[in-house]
Amino acid sequence: MNETAPLLRIEGLTKAYPGVVANSDVGFDLHAGKVHALLGENGAGKSTLVKMIYGLVRPDSGTMSLRGTPYAPVNPNAARAAGVAMVFQHFSLFDALDVAENISLGMDNPPPRRTLSARIREVSEAYGLPLDPTRRVGELSAGERQRIEIIRCLLQDPKLLIMDEPTSVLTPQEVDILFRTLRQLSAEGTAILYISHKLEEIRALCDGATVLRLGKVVANCTPAEKSASELAELMVGQTLHAPSREGTEVGDTVLTVKGLSMAAPHAFGTSLKDITLDLRAGEVLGIGGVAGNGQDELLAALSGEAPTARDAVTLNGAPIGHLGPNARRALGLLSAPEERLGHAAAPDMSLTENAMLTASQRKHLAHRGFLNWAAARRFAQTVIERFDVRTPGPGHAARSLSGGNLQKFVIGREILQDPGVLVVNQPTWGVDASAAAAIRQALLDLAAKGAAVIVISQDLDELMEVSDRFCAMNEGRLSPARPAEGLSVEEIGLMLGGAHDMEVAHVAH
Amino acid sequence: MNLGAIDPVLLIASLMVAATPIILAAIGELVVEKSGVLNLGVEGMMITGAICGFAVAVESGSPVLGFALAALGGAAMALIFGLLTQYLLSNQVATGLALTLFGLGVSAMVGQAYRGIKPPATTRIDMGPLSDIPVLGRILFNHDWMVYFALALVACVWAFLKFTRGGLILRAVGESHDAAHALGYRVVPIRLLAIAFGGACAGLGGAYISLIRVPQWTDGMTAGAGWIALAIVVFASWRAGRVLLGAYLFGGITVLQLNLQAAGLPVPVEVLSMSPYLITIAVLVVMSARQRGAAGSAPAMLGRIFHASS
């Protein structure tokens, strides 16, 4: 193949949905053997663009050509036949099926099971991604799940590999392994289209980048030549402020968890094992860890959704382990779970109703069993204004808000109830950079006013930004807390329990 | 009371007959639920199949043609459900319940003309010397062909789900329709096929009741067999082999309590009549409770509406 001819050329691609233009006249070139980044905030149109390349969405206008010939896949099968493979952001895996079955489902002409299992072992070892074909996917870690997706792609010998935010659920060590695999692939001549909003990663990995903003290409650049903040400004279109914090006085211990153990709530859950932590007024405790290591269960145990032994959790010296969420709210322990739609908010209810649901006690929105809707609407309106929630009004359904806006509402709703202790899980997951900065600032301000905050997150950069102390969750265990200042990425990686013996596989190289 | 009048060999032989409609309906519903669709209209599809099969067999004189049309009738009813739930995205529970009521009503209307008629007899398969084996011959090798067809169908469904690519895709759609869609599988057509298959099986089950087991037409003659089939699928943890077990249990107790009634056991008839339902459910509940996490074996997307968001 001619080195200078692009593998994939995209010209004038446009796709509109009712009320929003997802992509407008997007064009760029991809070359064999290069890693190309697609940068942009949430809603910038990255996902729509790659869905068009992968045949899941048909463009309204514009053309694509692959190796010089017109390319218009009608479905993913056609895209795969043309040599385009994709690793999804939300894994397209089936929990109840085993690894080989999952891989077989993603192939057009899968070989018989025995041959397939042998091929899986072969390819997974060649790329340092060990995987047992007989394991059930529901039992695997996020990193292992991603390996399934990657190997599923590799088995089809792709010319172009699309990766949609692949590192958001990985530990630093797992990211290293992924990058090694990707570099090996690009050295073999595969083109990689890499979507992420983690700028340092893109600077380290990618040869070229296209920046999207509101569906349009705003820049083409070489990431290594730009600084991370320059890239961020290209994405956002404005200057970003890192959250600032004043040195606050750390007060007395308000929340104590001692020897908390809990059985896994469902088949694919994690049991909590002997968790101990102290939380003092005015501090932010960051809890890191790869998804599925007990974070959801810990939040449930702290919020009161899953009651525990009476003395396992104490608030201001009083045992509260046996109390339910409302009793804990009354005492000042508030929480905001990770899943926005369906857990933190009721999707089909209005913002006013959602405000009523958690704030009725602390904001006195109910009187003798009767609801004061006027007060609830005022409270919802206050949240909307103070946290810059973009919505036409508090009467709109939670579902109609974008992820970032709903997240701002959910966090704002708890913060404005003046909690003594606030527990949040993944406060900025899927939220764009400027909204994320606003949420982190709000959490820091809350701590500065003397509240104690626990931030559970998989985003280590976020944790380093907001935490006073840091601890890691691994397989339902919580490490002792360490001061966040001066902690290196390597140390954190080791605290997280690291890479699940993946190093061994790479020794062979 | 005369328990001595109960012949165990005859009892077991008629157990297989009594279980057949349940087996047919349950194995069809198993496939439907494996694809992630909850069709509560089994009873309605069964009774529709019962009257379709009965009417066609009477008019044409051919039970085989009757069974074929019963399958078609059941499938047509199921496709109404499929159209409503898969294209118009209606709620599956409500639509399934409505389908049952609709089927009971329609069958009663069509059946007006067929009361008190005897359908043509279905031929027994001549197994030759096999039928002459003492005891076993009478239990296993002396039935009509539908009994063996139902057993073969269970084996086919089991093998299809376990060993074939089609079965894998069906399970995948029931496990995560979004992931299946992202991989390029056509969720709605796959589910419609499963729904139609489930309807056809239920129709066959219904026709078996009206053409062989009873055999005549009365309104509402399926008498809750569809609901038992639904319960058996759940408590069998969506496994074909256990469906067979549950159906035989139900069939066995049904036959036994009829015999006990005839023998004059000093227990109220009502209690005996309800015993098959109670005991089957109780046994299956105990079985599924003993292996913990049985609920985890339910298809993850069961009853969830799929709406392609692309």
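In what order do the four strands of the open sheet in chain A lie? In this predicted model, the order is E2-E1-E4-E5, and the strands pair in the antiparallel sense. Strands of a sheet pair through backbone hydrogen bonds, which may run either parallel or antiparallel. The edges of the sheet in chain A are formed by strand E2 (20–30) and strand E5 (69–70), each of which pairs on one side only. Strand E1 (residues 8–17) of chain A is joined to strand E4 (residues 61–66) of chain A by five bridges, again in the antiparallel sense. Within this pairing, Glu11(A) has Thr63(A) in E4(A) as its bridge partner.

The contact between the two chains was examined next. Chain A contributes 18 residues to the contact and chain B contributes 14 residues. On the side of chain B that touches chain A, two or more residues come from each of helix H7 (165–175) and helix H8 (177–182) of chain B. H7(B) gives the most to this side, with five residues. By class, the side of chain B that touches chain A consists of seven nonpolar, five polar and two charged residues.

Leu105(A) lies in helix H3 (residues 99–105) of chain A. Leu105(A) counts as buried because 25 other C-beta atoms lie within 10 Å, where the cut-off is 20 or more. Leaving aside residues up to four places away in sequence, Leu105(A) touches Leu168(B), Ile169(B), Ala172(B) and Leu183(B). The C-alpha atom of Leu105(A) is separated by 34 Å from that of Leu298(A), a residue 193 residues apart from Leu105(A) along the chain.

Conventions
Residues are numbered from 1 along each chain as its sequence is written. Chains are lettered from A and ligands numbered from 1 in the order in which they are written. This is a predicted model: local features need pLDDT of at least 70, side-chain atom pairs count only at pLDDT 80 or more; totals for chains, interfaces and linings use all residues. A residue is buried if 20 or more other C-beta atoms lie within 10 Å of its own, exposed if 12 or fewer, and partly exposed in between; C-beta atoms are placed from the backbone. Two residues are in contact if their C-beta atoms, placed from the backbone, lie within 7 Å. Ala, Val, Leu, Ile, Met, Phe, Trp, Tyr, Cys and Pro count as nonpolar, Asp, Glu, Lys and Arg as charged, and the others, Gly among them, as polar. Two strands pair if DSSP finds at least two bridges between them.
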